[in-house]
Amino acid sequence: MPCVFPVLAIKALSFLHGDPREHHRQGLAYTAGVLVAFSALAGVLLALRGAGASVGWGFQFHSPLFVLLLAWLMFVLGLSLAGMLHLGVGLTGVGQGLASRSGLVGSFFTGVLATVVATPCTAPFMGAAMAYALAQPAVELLAVFLALGLGLALPYLALAFWPALQRRMPRPGRWMDVLKQALAFPMFGAAIWLVWVLAQQAGPQGVLLALSGMGLIALALWARGVSRSAGRSGRWAGGLTALASVAAALALLPMVQPEATPSAVASASAGASKEEPYSPERLAALRAQGKPVFVNLTASWCITCLVNERVALSTPEVKTAFQSQGITYLKGDWTRQDPRITELLARHGRSGVPLYLFYPAGPGDEAQVLPQLLTPGIVTAAVSGSAT
């Protein structure tokens with residue numbers, strides 16, 4: 001996820017100076033944050049599964065409220081990296097006067113944040129692991145989640161404990177501040193993307209609420225900042241303005257509701273081949289007629305899905321192949337919770353999107369599962385019957 005790397009890059013700069021023992025503690029604190037976040041996700045999945053709900057990886061992105069809060073968080077972090085807001089050096093781990101307690105807390109919550117923003121999509125190997133875990137008892141599920149968390153934390157942990165890697169990092173200088181500010185823009189980009197996802201879940205009203213909240217948050221931070229150098233009355237005024245702005249932003253949260261029907265944005269294709277909405281009934285009818293079918297299970301918050309649609313499924317050669325083979329293209333949008341799509345994912349051993357299925361012509365044929373990373377050649381080879 002593009003919003004993971006800016007925070008981790010800034011955290012890594014802390015290894016340019018300081019006590020190696022402090023580096024070890026920072027790495028362990030970050031790892032603890034990742035593992036705690038994965039454990040919490042496992043607990044929520046177990047609770048939902050125990051309640052009879054059908055859930056999958058990235059399930060929290062089905063909630064417009066979660067997407068809105070994450071967009072606001074990315075916006076605030078972008079302001080901090082750009083130097084427009086000072087949340088304290090404990091967040092980034094950079095600074096000679098970093099206190100031990102605040103530094104460890106910052107590393108811990110960096111691990112939590114990295115886990116949260118990395119969950120919308122599954123990598124090719126991770127998808128199989130997640131599907132296996134979600135079908136296992138609680139102990140096995142938690143073990144798989146902790147192993148995945150350790151894998152996510154391992155690069156930063158290795159840097160914390162491996163002096164040879166630290167020596168390969170460039171020397172401190174003004175470039176650190178420039179890089180820190182430049183890394184704010186991926187954060188802003190992530191916030192923009194999340195607002196786009198929200199538009200498909202909650203419609204234009206969701207976008208209005210998201211942007212209004214960002215404006216109120218900016219007002220609160222500005223009032224808090226300018227009041228610090230003012231007199232007593234100015235500090236009181238600034239503090240009250242900040243509190244009122246935050247309260248107004250929080251008051252917007254109950255207004256964020258999913259649209260009863262998908263918005264025009266949600267139904268718009270990303271330029272892919274002409275498609276129909278997926279439904280089990282439509283798929284069964286096409287298979288009963290013996291027609292070839294290509295099924296694309298996707299979501300607006302899935303970066304891998306969007307890239308595949310842009311670089312593979314929307315290319316002229318793939319469109320031509322679909323047309324020449326008489327293939328019906330069914331697209332299942334999992335941006336919002338849909339039990340029918342969750343069931344199809346589970347049937348093919350997946351816990352999250354993307355999932356690409358090709359049903360050849362003729363009744364009774366099983367679906368061919370395509371890789372999670374597509375190229376035009378992979379798709380055209382599959383639909384022409386030459387793929388293995």
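**Architecture and selected contacts of the predicted chain**

The secondary structure of the protein chain comes to 16 helices and 5 strands, where helices (H or I, at least four residues) and strands (E, at least two) are DSSP runs numbered from the N terminus. The model is predicted, with local features requiring pLDDT of at least 70 and side-chain atom pairs counting only at pLDDT 80 or more, while totals for chains, interfaces and linings use all residues. Residues are numbered from 1 along each chain as its sequence is written, and side-chain values use heavy atoms, with hydrogens and water left out.

Of the 388 residues in the protein chain, 47% are buried, a class defined by under 20% relative accessible area, with exposed meaning over 50% and partly exposed lying in between (1.4 Å probe, protein chains only). The accessible surface of the chain comes to about 18100 Å², and carbon and sulfur atoms account for 68% of that area, as computed by the Shrake-Rupley method with a 1.4 Å probe. Among contacts (heavy atoms within 4.5 Å) between residues at least 6 apart in sequence, 76% join residues at least 24 apart.

The 5 strands of the open sheet are arranged in the order 1-3-2-4-5, with mixed pairing; two strands are taken to pair if DSSP finds at least two bridges between them. Strand 1 (276-277) and strand 5 (368-369) stand at the edges and have a single partner strand each, so one side of each is left without a neighbour in the sheet. In the loop between helix 15 (339-347) and strand 4 (355-359) lies P354, and the peptide bond leading from V353 to P354 is cis, with omega near 5 degrees.

A search of the whole structure finds 12 aromatic pairs, for which rings of Phe, Tyr and Trp (its six-membered ring) must have centres within 6.5 Å, planes under 30 degrees apart being counted as stacked, over 60 as edge-to-face and the rest as tilted. The rings of F108 and F109 have centres 5.2 Å apart and planes at 85 degrees, so this pair is edge-to-face, and F108 itself counts as partly exposed at 24% relative accessibility. For F294 and Y356, by contrast, the centres are 6.4 Å apart and the planes are at 25 degrees, so the pair is stacked. This pair links distant parts of the chain, with F294 in strand 2 (residues 293-298) and Y356 in strand 4, 62 residues apart. F294 counts as buried at 0% relative accessibility, and Y356 likewise counts as buried at 0%. One aromatic cluster is formed by F61, F66, W301 and W334.

Among the helices, helix 14 (residues 316-325) and helix 16 (residues 376-384) pack at an angle of about 10 degrees with their axes 9 Å apart, the axes being lines fitted to C-alpha atoms over the stretch in contact and the angles running from 0 to 180 degrees between N-to-C directions. The two helices are therefore roughly parallel to each other, since angles under 35 degrees count as roughly parallel, over 145 as roughly antiparallel, 65 to 115 as roughly perpendicular and the rest as oblique. Helix 14 contributes E317, V318, A321, F322 and Q325 to the contact, and helix 16 contributes P376, V379, T380, V383 and S384.

Elsewhere, G106 lies in helix 4 (residues 100-117) and counts as buried at 9% relative accessibility. The C-alpha atoms of G106 and G33 are separated by 9.6 Å, although the two residues are 73 apart along the chain.
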